[in-house]
Amino acid sequence: TIPIAGVKGTTTERTFIAVKPDGVQRGLVGEVISRFERRGYKLVGLKLLVPSKALVEQHYGDLKGRPFFNGLVDYMSNGKAPVVGMVWQGKDVIRQGRKLLGATNPLDSEPGTLRADFCTAVGRNCFHGSDSHEAATSEISLWFGEKAVFDWKQALEPWIASDN
Ligand code: GDP
Ligand code: MG
């Protein structure tokens, strides 16, 4: 069986993408799904949830101690809107997913990226994407777990994905 984040560099590579509460409030869930689908990526995990503080603190563990950390955790977990978590699969999906989202600060994001098209504040940048295969592994484990990720054969796959 393949590892939870797939095998990096192959068509099984997986990443964790989330629409944060501001993105859900803004009505951007469909926009995100559309852009990843149209690129040819395969949706293998999807859930709507209000994450606990503990989950968000673990997810953003590397940012603990930053001045915005407590505000970030509250905004993600206070339940004013849920988060939509997704797992996407396909070739180079970790790096390409970050490109589709755009730079962390929307004011530095390239036009045409999700953050440039819909956001202006780093503290309300609407979306998350894993930044490495290691991060994808821990984030998919944390938000989904093995059993909530679905491997399914896409009929179009031979027309989209090729390992050579
Ligand atoms: P990402 O991987 O592009 O999401 O960026 P980081 O991992 O560096 O930061 C995680 C998240 O923390 C960002 O998406 C923002 O929501 C938030 N964040 C990062 N830097 C800042 C900041 O300077 N101010 C505020 N308010 N939030 C920040
Ligand atoms: Mg990050």
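Strand 1 (14-19) and strand 3 (83-89) run antiparallel and are joined by six bridges, with strands taken as DSSP E runs of at least two residues, helices as H or I runs of at least four, and both numbered from the N terminus; two strands pair if DSSP finds at least two bridges between them. In this predicted model, local features need pLDDT of at least 70 and side-chain atom pairs count only at pLDDT 80 or more, whereas totals for chains, interfaces and linings use all residues. Residues are numbered from 1 along each chain as its sequence is written, and chains are lettered from A and ligands numbered from 1 in the order in which they are written.

In helix 5 (residues 93-101), the buried residues are Val93, Ile94, Gly97, Arg98, Leu100 and Leu101. Seen down the helix axis, these residues fall within an arc of 160 degrees, so they line one face of helix 5, the arc being that of the directions from the axis to the C-beta atoms. Just after helix 5, Gly102 takes a positive phi of about 95 degrees.

Conventions. Buried ≥ 20, exposed ≤ 12 C-beta atoms within 10 Å, placed from the backbone.
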